[in-house]
Amino acid sequence: MDFTIESSTFLADGSTRYIIRVLPAQLVYFGFFIEAFEGMCLYTTPQKGQSLLQVDVVPDYLQQFQDVLAQMRDVDYC
């Protein structure tokens with residue numbers, strides 16, 4: 001999959017917020033992957049009509065989430 005981490009910010013509650021830019025054609029597909037990790041992270045589209053995702057990751061799963069992102073880069077988008 002083609003995506004870019006635009007920013008990552010540490011939040012007051014200890015979570016990490018990622019802003020991820022995804023190709024428009026892959027946005028829903030990317031969301032399906034992230035949704036499978038409910039409890040690890042929460043995602044939303046902060047700006048309607050743009051292919052950006054805001055993903056908040058709880059501290060206990062930060063390393064696992066980073067591993068998931070690395071594996072998602074290797075997934076061929078059909």
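Of the 78 residues in the protein, 33% are buried, a share that refers to a predicted model. The protein exposes about 5000 Å², of which carbon and sulfur atoms supply 52%.

The secondary structure consists of 2 helices and 4 strands, and these elements follow one another from the N terminus in the order β-β-α-β-β-α. Contacts can also be sorted by their separation in sequence: among those between residues at least 6 apart, 52% join residues that are at least 24 apart.

All 4 strands take part in an open sheet, arranged in the order S1-S2-S4-S3 with antiparallel pairing. Strand S1 (3-10) and strand S3 (41-44) lie at the edges, each of them pairing on one side only. On average, and with direction ignored, neighbouring strands of this sheet are turned by 20° against each other. In general, the strands of a sheet pair through backbone hydrogen bonds, in either a parallel or an antiparallel manner.

At one end of the strand order, S1 and S2 pair in the antiparallel sense over 7 bridges, and within this pairing Ser-7 stands opposite Ile-19 in S2. The two strands form a hairpin with 5 residues between them, and in the turn Gly-14 has a positive phi of about 95°. At the other end, S3 is joined by 4 bridges to strand S4 (residues 52-57), again with the strands running antiparallel, and here Thr-44 is found opposite Gln-54 in S4.

Helix H1 (residues 27-35) packs on this sheet, where it touches S1, strand S2 (16-22), S3 and S4, and its direction makes about 160° with that of S3. On the H1 side the contact is made by Phe-30, Phe-33 and Ile-34, while H2 contributes Phe-65, Leu-69 and Met-72.

Ser-15 has its place in the loop between S1 and S2, and its relative accessible area is 8%, which lies under the 20% limit, so Ser-15 counts as buried. When neighbours within four places in sequence are left aside, Ser-15 is in contact with Thr-9, Phe-10, Val-57, Val-58 and Pro-59.

Ile-5, by contrast, lies in strand S1, and with a relative accessible area of 33% it is classed as partly exposed, because that value falls between the 20% and 50% limits. Not counting residues up to four places away in sequence, Ile-5 touches Tyr-18, Ile-19 and Ile-20, together with Leu-69 and Arg-73. Leu-69 is also among the H2 residues that make the contact with H1. A further pair relates sequence separation to distance in space: Ile-5 and Gln-71 are 66 residues apart in sequence, and their C-alpha atoms are 14 Å apart.

Technical notes
Residues are numbered from 1 along each chain as its sequence is written. This is a predicted model: local features need pLDDT of at least 70, side-chain atom pairs count only at pLDDT 80 or more; totals for chains, interfaces and linings use all residues. Side-chain values use heavy atoms; hydrogens and water are left out. Two strands pair if DSSP finds at least two bridges between them. Axes are lines fitted to C-alpha atoms, for helices over the stretch in contact, and angles run from 0 to 180 degrees between N-to-C directions. Contact means heavy atoms within 4.5 Å. Buried means under 20% relative accessible area, exposed over 50%, partly exposed in between (1.4 Å probe, protein chains only). Accessible areas come from the Shrake-Rupley method with a 1.4 Å probe; for residues, only the protein chains shown count as cover.
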